[in-house]
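Please look over the sequence and the model shown below before reading on. The briefing that follows is grouped by topic.

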Amino acid sequence: MNLGKLRAVWTENQAHTHPEHPDPRLRGRTYAIPFARVWAAVAELSQGGLRGWNTLLSDEDLGILKAECTVPLLRSSDEIEVRMSLDENGQTRVDVSSTSNTEKGDLGRNARRIRKFFRTLDKRVEAGPGKILDPTVPLIRTGLLALLLVAACGPSEESAAGGTDPQPDSPEAPRNFQGRSYERH
């Protein structure tokens, strides 16, 4: 651990997500999952789905949920704010901040809480591959790339137009491992 991280552990008493955070686990989430489904899961987690969490304010229209998390060993509570919105591509964006009510450093407790929140939320909304999007890559660019791949992998114009395939033994026949023209050397 370098000196900067060590100093932060002892002096910082908050953590928050940001799309360009150096820790990829603290970049928040952009889900390809409907807002209502993610909101319901977040509300469930803050009302007993996560140990010590207690909902203080929940406003789905504004996309804000405020909660407190009691830390029994330290006899203190931390404030948590979950912010949800739709990004410019209509995908569900979730960001979280967690702040300790003490002036001392939190020893990384708030960052751990956020990471655990997202691990649990990912499971709750069944966010597997393709459902969690990289917020730093514009969806339009990703969509165009996918379209190009589909177009490149689609049927050829001759096949799509109803053209006939060349005979397997003719010189125009494609040479591949599936046809009789494949030879092993």
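R93 lies in strand 6, where helices (H or I, at least four residues) and strands (E, at least two) are DSSP runs numbered from the N terminus. This is a predicted model, in which local features need pLDDT of at least 70 and side-chain atom pairs count only at pLDDT 80 or more, while totals for chains, interfaces and linings use all residues. Residues are numbered from 1 along each chain as its sequence is written, and side-chain values use heavy atoms, with hydrogens and water left out.

**R93 and its surroundings**

- With a relative accessible area of 8%, R93 is buried; buried means under 20% relative accessible area, exposed over 50%, and partly exposed in between, computed with a 1.4 Å probe on protein chains only.
- Setting aside neighbours within four places in sequence, R93 is in contact with H18, P19, R27, G28, R29, T30, R83, M84, S85 and P135, contact here meaning heavy atoms within 4.5 Å.
- R93 and F35 are 58 residues apart along the chain, and their C-alpha atoms are separated by 8.4 Å.

**Overall layout**

- The protein has five helices and seven strands, which follow the pattern α-β-β-α-β-β-β-β-α-β-α-α when read along the sequence.
- Of the 185 residues of the protein, 31% count as buried.
- Among contacts between residues at least 6 apart in sequence, 55% join residues at least 24 apart.

**The largest nonpolar core**

- The largest nonpolar core has 27 residues, and those with the most contacts inside it are Y31, V38, V82, V94, F117 and L121; such a core is a set of buried Ala, Val, Leu, Ile, Met, Phe, Trp, Tyr and Cys residues joined through side-chain atoms within 4.5 Å.
- Two or more residues of this core are given by each of helix 2 (35–49), strand 4 (64–71), strand 5 (76–86), strand 6 (92–100) and helix 3 (109–124), and the largest share, six residues, comes from helix 2.
- L121 lies in helix 3 and is buried, with a relative accessible area of 0%.
- Not counting residues up to four places away in sequence, L121 touches Y31, V38, A41, V42, L45 and V94.
- The C-alpha atoms of L121 and R29 are separated by 10.0 Å, although these residues are 92 places apart along the chain.

**Helix 2 against helix 3**

- The buried residues of helix 2 are F35, V38, W39, A41, V42, A43, L45 and S46, and what covers them includes strand 2 (29–31), strand 3 (53–59), strand 4, strand 5, strand 6 and helix 3.
- The axes of helix 2 and helix 3 come within 10 Å and cross at roughly 130 degrees, the axes being lines fitted to C-alpha atoms, for helices over the stretch in contact, with angles running from 0 to 180 degrees between N-to-C directions.
- Helix 2 is therefore oblique to helix 3, since angles under 35 degrees count as roughly parallel, over 145 as roughly antiparallel, 65 to 115 as roughly perpendicular and the rest as oblique.
- Where the two helices meet, V38, A41, V42, E44 and L45 in helix 2 face F117, T120, L121 and R124 in helix 3 across contacts.

**Aromatic pairs**

- The structure holds three aromatic pairs; rings of Phe, Tyr and Trp (its six-membered ring) pair if their centres lie within 6.5 Å, and planes under 30 degrees apart count as stacked, over 60 as edge-to-face and the rest as tilted.
- F35 and W39 form a stacked pair, at 6.3 Å centre to centre and 5 degrees between the planes.
- Because F35 and W39 are four residues apart in helix 2, they are separated by about one helical turn; F35 counts as buried at 19% relative accessibility, and W39 counts as buried at 6%.
- F117 and F118 form an edge-to-face pair, at 5.2 Å centre to centre and 70 degrees between the planes, with F117 buried at 1% relative accessibility and F118 buried at 0%.
- W53, F117 and F118 are linked into a cluster by ring pairs.

**A residue with positive phi**

- E126 is not a glycine, yet it has a positive phi of about 55 degrees.
- E126 is found in the loop between helix 3 and strand 7 (132–133), and at 64% relative accessibility E126 counts as exposed.
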